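Reader: Could we go through this model together, one residue and its surroundings at a time?

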Amino acid sequence: MVERYASHNPTAELAVHLGLDEEEPPAVKGRDLVWLGRIDEDKAPHLAVRAAQILGRRIRMVGPVFVEEYVSRYETALASDRVEWVGELGGAAKTAAIAGGSVFVYTYARNYVEAGAAVFGESLWAGTPIAALTWRDGTCAQAALCERTGATVVSDPAADDESAAHALAKAIERASALDHFEVQATGLARFDPASRFKALAAL
């Protein structure tokens, strides 16, 4: 994984989700699925949409469109009546969108390497379990999640999108059975903001 990160020339960033003495709102059992990120080929949200269709679920898409050509290519799926386009959100509105989801759906493209994703901490802090589609072992999804906070599926990169979406749908079903309050408690314990401040201060 280190070699893959290096080949993508990652940029080191220091960030903390919460300020000291700030708190997440209490966990709630959300309604629809939620996906968050930039709308482009690398993030592959069409796979999340297809998984939602397979399950007969609605999905909220949070994030800016980065590549119009990508949206046009997957217009049939992305324009489904089961998809709600929310647009880019920040601050309390972003937290509310994540907290209002029954499951946070995480996707990315086969040839994309996610060096680290803040959405895992954000979702778990909000009490929303995660269903993650990955293409190899040793990803940040596997590092961030456990059996109390989400479900990860590793799909064969040679598999077609339909097979991958069906695998993701099964992960969504598993994540849907998790308790939102336990997800939040586990997430806050594993990704404690005060510990992060101390770690950054020590650098």
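Reader: Is H180 buried or exposed?
Author: H180 is buried, with a relative accessible area of 3%, where buried means under 20%, exposed over 50% and partly exposed in between, with a 1.4 Å probe and protein chains only. This is a predicted model, in which local features need pLDDT of at least 70, side-chain atom pairs count only at pLDDT 80 or more, and totals for chains, interfaces and linings use all residues. Residues are numbered from 1 along each chain as its sequence is written, and side-chain values use heavy atoms, with hydrogens and water left out.

Reader: Which backbone oxygens lie by a polar atom of the H180 side chain?
Author: The backbone oxygen of V28 lies 3.0 Å from a polar atom of that side chain, and the backbone oxygen of S102 lies 3.4 Å from one.

Reader: Where is H180 placed, and in which helix?
Author: H180 is in helix α9, residues 180-190, a helix being a DSSP run of H or I with at least four residues, numbered from the N terminus.

Reader: Switching topic, what do the buried residues of α9 pack against?
Author: They pack against α6 (118-126), contact meaning heavy atoms within 4.5 Å.

Reader: At what angle do α6 and α9 pack?
Author: The angle is about 130 degrees, with the axes 6 Å apart; α6 and α9 are therefore oblique to each other, as angles under 35 degrees count as roughly parallel, over 145 as roughly antiparallel, 65 to 115 as roughly perpendicular and the rest as oblique.

Reader: Which residues make that contact?
Author: L124, W125 and A126 of α6 meet V183, Q184, G187 and L188 of α9.

Conventions. Helix = DSSP H or I, 4+ residues; strand = E, 2+ residues; numbered from the N terminus. Polar contact = N/O pair within 3.5 Å; in protein donor to acceptor, adjacent residues only side chain to side chain. Axes fitted to C-alpha atoms, helices over the stretch in contact; angles between N-to-C directions.
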